[in-house]
Amino acid sequence: MKTGTATSRWFVGGLAVVTLAAACSSQGAKPGPDRGPGQGGRTSTPGAGAGGTAPGPDHGPGAGAGPGPGAGPGSGGVSGSNAGGGGITAGSMCTPGVQQTLVSDCGYPYASSRPLTSVVFNESDVLRAIVPSGGWPMATISLFYDDEHALTLGIRSTTVKSASGTTTTDYPVSALPSVPGAVTSPATGTNILAGDQSGLDTSLRPMWPALFITDITSDPTSRAGDWQMGGVPHNPTAVFGTWKGAVRTVDDTQSPPLVTITPDADPAKNKQVLGTGAASFPAGIKDEGFGTEVRWNVPLLGGHSYRLQVMVHDGDQNKVGGDSGEACVTFCAAAGCSECGTDGAGGKPGCSECGSDGSGGGCGSEGLISCAGEGSATDTCPAGTACANGCCLVPL
């Protein structure tokens, strides 16, 4: 990957795949709904699933070369239907602290009425492992990144060109204090979601490392909290290793405005040495020069199963739409204060700390319309906009 800039509009195409291993405990299988295409394969035709009692609907190609429902589950999907990646086996037990089926591409892209499901992630191979642990009162999700360029932590500056001149606005991105470095509560640049000062790429993805969470306890196939479904991004709690910022340039003299993102120069290589307070980099992963652990501390209800989606941008940004990777894992939170409400409020004595990590959409403060994820009554945005990062945004 050569250092450069990226310019884009909406796009569709292939997706790189990360290989990671995980385990889950199953009590059998039954048919379930389809949430999108599996990984690879050819278009399937309806049929009774192996071990199932009725066929599941077909929404795209299943995993492998054979036909879909009846030939076996899609990657991470539900046996008995052509389930897309990202689900868990029907009847799976939630075993506290157990990481379940991992699907590196999260079951995307695929065509739907939601434009974000067609967005391609062309750098998912930089995401080398997701390691969740804990539960209530606080779970830890660690993402391990490795690439030939340092991770982009966020947009540190915007340059806007108009007919009247050029304006530059700076935003704080935590500086790398040393190689390797470590920072808690890192500043991730502009987190504005719309307009010339946006911290998103040209496909509406956060330029900073982001975590998206879906509680799948009652519906193992749900993707309601995914970025593609309008989920709200959670910002990192800590970062270790190496990273850098980037500059976003907007040329408003063109119609539509031309947006380019140029990352800073790479720091010195850290060779997977992550620094004080970091977890050990997983063994057996090829060292390409720049390694990073991005960590999120978030409250997850004990005994609940979650779909965790992580998203990052690498350090060159030379592909159409932005060089971004995503990966998903399902995880059963460790036992704890499970009586806390699903909205993070209430519960028995001792659960008073129930709450969120403070992440959330800033739609109201930016004059934007809030939207919700898949299946919500409020997930419909006005024509010409898309539900992304919890708000109705105009695609570039």
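## Disulfides in this model

A disulfide is a pair of cysteine sulfur atoms within 2.5 Å. The structure shown here is a predicted model. By that cut-off, the count comes to four disulfides. Three of them are described below, including the link of Cys-371 and Cys-387.

## Cys-371 and Cys-387

The sulfur atoms of Cys-371 and Cys-387 sit 2.0 Å apart, and the two residues form a disulfide. The torsion about their S-S bond is about 95 degrees, so this disulfide is right-handed. The pair links distant parts of the chain, 16 residues apart. Cys-371 is in the loop between E13 and E14, while Cys-387 is in strand E14 itself.

Are these two cysteines buried or exposed? Cys-371 has a relative accessible area of 10%, so it is buried. Cys-387 counts as buried because its relative accessibility is 8%. The cut-off for buried is under 20%.

## Cys-363 and Cys-391

Another disulfide joins Cys-363 to Cys-391, with 1.8 Å from S to S. Which hand does this link have? The torsion about the S-S bond is about -95 degrees, so the disulfide is left-handed.

Cys-363 lies in the loop between E13 and strand E14 (386–388). Cys-391 lies in strand E15 (residues 391–393). The pair therefore ties together parts that are 28 residues apart in sequence. Cys-363 has 3% relative accessibility, so it counts as buried. Cys-391 has 0% relative accessibility, so it counts as buried too.

## Cys-106 and Cys-328

Cys-106 and Cys-328 also form a disulfide, and their sulfur atoms are 2.1 Å apart. The angle about this S-S bond is 105 degrees, and the link is right-handed. What parts of the chain does this pair link? Cys-106 is in the loop between strand E1 (99–103) and strand E2 (127–134). Cys-328 is in strand E13 (residues 324–332).

## The E4–E5 hairpin

Strand E4 covers residues 151–162, and strand E5 covers residues 165–170. E4 and E5 form a hairpin, with two residues between them. How many bridges join the strands, and in which sense do they pair? They pair in the antiparallel sense over six bridges.

How many residues of E5 are buried? The count is zero among its six residues, and the strand is hardly covered.

Note on methods: Residues are numbered from 1 along each chain as its sequence is written. This is a predicted model: local features need pLDDT of at least 70, side-chain atom pairs count only at pLDDT 80 or more; totals for chains, interfaces and linings use all residues. Side-chain values use heavy atoms; hydrogens and water are left out. Buried means under 20% relative accessible area, exposed over 50%, partly exposed in between (1.4 Å probe, protein chains only). Helices (H or I, at least four residues) and strands (E, at least two) are DSSP runs, numbered from the N terminus. Two strands pair if DSSP finds at least two bridges between them.
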